[in-house]
Amino acid sequence: MLIAASCVAALVLSAGGWVVVQHDFDIRTERVTITGGAQPLQGTLALPEKGDGPFGLVVFVHGDGVATADRDEFYRPIWESFAEAGYASLAWDKPGVNGAPGNWLDQTMHDRAVETEAAIAWSHGRPEIDAQRIGLWGISQAGWVLPEVAARHPQLRFMILAGPAINWIRQGEYNLRAELDRRNASEDELADRLRRRENDLTLLREGADYSRYRAATTDSPPMSEDRWRFVGKNYLADITETLPRVRVPTLLALGERDLHVDVAETARVYRESMPASLLTVRTYPDASHNIVKFELDKPDSVRSFLVALFAPRSLYAPGYLDALRDFAADPSKN
């Protein structure tokens with residue numbers, strides 16, 4: 001497929017009628033098919049706008065939920081930052097998304113790690129990629145994926161994680177409490193939600209099938225059958241025992257106002273588990289789980305929509321995009 005300059009365009013209603021708003025990023029993108037894994041992956045390879053390479057490569061791993069390769073264009077400013085450091089970026093539609101084969105809800109965190117390794121192996125056959133300079137970037141749920149990859153591949157150039165948790169069960173309770181606290185829920189509501197949560201965990205521990213879950217749950221709305229099966233495969237995820245085996249320079253990017261992950265626990269466990277010489281921890285004030293300015297990480301907000309449309313780079317916490325570029329350029333400077 002022909003590589004073209006990457007731009008994002010949208011149709012916007014203004015006082016004078018409909019106008020096109022377009023953003024150019026200093027990258028070229030190509031749709032690719034990544035082979036060698038359990039199934040072909042539909043990917044996007046983003047190269048620096050100028051030059052023939054070979055470039056380093058950052059392999060992207062999504063968090064939870066439905067995700068296209070560029071996460072609905074959310075990744076493009078990040079790809080641009082890595083391009084400034086001389087790196088290409090590679091990401092893919094999750095299985096079952098955007099017409100891709102498979103179903104991401106059938107995957108375990110180990111399956112996702114193996115998928116990532118297949119993407120790395122595939123990239124070695126690309127002439128524009130320097131196989132000696134491959135790094136990883138992941139967000140949220142990728143925190144249970146990328147350390148497994150890094151532990152098996154110490155030759156990787158670096159690993160960057162945004163908002164990773166340590167333990168799936170603790171992360172879920174933290175998220176529940178934080179969300180209820182944000183909307184000033186009553187103690188009675190908190191106690192009720194915690195009871196519902198414990199009921200679901202009991203069912204998971206007992207290996208309950210979906211029909212039993214539906215008969216017993218008071219979740220509103222209940223999980224889908226695919227989601228129940230996915231949680232059943234992954235709810236015991238905990239990265240604590242893997243981290244001491246990681247010998248790859250690692251950057252943790254943590255938002256102080258993360259409602260999904262207890263970033264204090266994350267920072268503590270990583271510091272206890274990894275050599276200080278390999279670990280850089282950056283905490284961003286007033287930043288969300290996505291390392292986005294907290295007041296803008298509201299998908300239903302008109303202001304957030306307008307910022308994403310007209311100034312997408314400014315969604316991110318100050319200094320975050322620069323930190324990605326600088327760490328990729330020289331991971332030893334921590």
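In the predicted model, Ser273 touches Thr240, Leu243 and Pro244, when residues up to four places away in sequence are not counted. Ser273 is found in helix 8, and its side chain reaches the backbone oxygen of Val269 at a distance of 2.7 Å. Because its relative accessibility is 16%, and the limit for a buried residue is under 20%, Ser273 counts as buried.

The axes of helix 1 (residues 76–84) and helix 10 (residues 320–329) come within 8 Å and cross at roughly 35°, and the crossing is right-handed. From helix 1, the residues Pro77, Ile78, Ser81, Phe82 and Glu84 take part, and these meet Tyr320, Leu321, Leu324, Arg325 and Ala328 of helix 10. Sorted by class, the contact between the two helices comprises 7 nonpolar, 1 polar and 2 charged residues.

Aromatic residues were examined next. The structure holds 18 aromatic pairs, one of which is formed by Phe60 and Tyr75, with a tilted arrangement in which the ring centres lie 5.2 Å apart and the planes make an angle of 55°. This pair links distant parts of the chain, since Phe60 lies in strand 4 (residues 55–61) and Tyr75 in the loop between strand 4 and helix 1, at a separation of 15 residues. Both Phe60 and Tyr75 are buried. Phe60 also pairs with Trp79, here in an edge-to-face arrangement with 6.2 Å from centre to centre and 85° between the planes. The pair of Phe60 in strand 4 with Trp79 in helix 1 likewise links distant parts of the chain, the two residues being 19 apart, and both Phe60 and Trp79 are buried.

Phe60, Tyr75 and Trp79 belong to one aromatic cluster, which also contains Phe74, Phe82, Tyr87, Trp137, Phe158, Tyr284, Tyr316, Tyr320 and Phe327. Among the members of this cluster are Phe82 and Tyr320, which also take part in the contact of helix 1 with helix 10.

Notes:
Residues numbered from 1 in each chain as written. Predicted model: local features only at pLDDT ≥ 70, side-chain atom pairs only at ≥ 80, totals over all residues. Heavy atoms only, no water. Axes fitted to C-alpha atoms, helices over the stretch in contact; angles between N-to-C directions. Helix = DSSP H or I, 4+ residues; strand = E, 2+ residues; numbered from the N terminus. Left-handed = near helix turned anticlockwise from the far one by under 90°. Contact = heavy atoms within 4.5 Å. Nonpolar A, V, L, I, M, F, W, Y, C, P; charged D, E, K, R; others polar. Buried < 20%, exposed > 50% of the residue type's maximum accessible area, 1.4 Å probe, protein only. Polar contact = N/O pair within 3.5 Å; in protein donor to acceptor, adjacent residues only side chain to side chain. Phe/Tyr/Trp six-rings, centres within 6.5 Å; stacked < 30°, edge-to-face > 60°.
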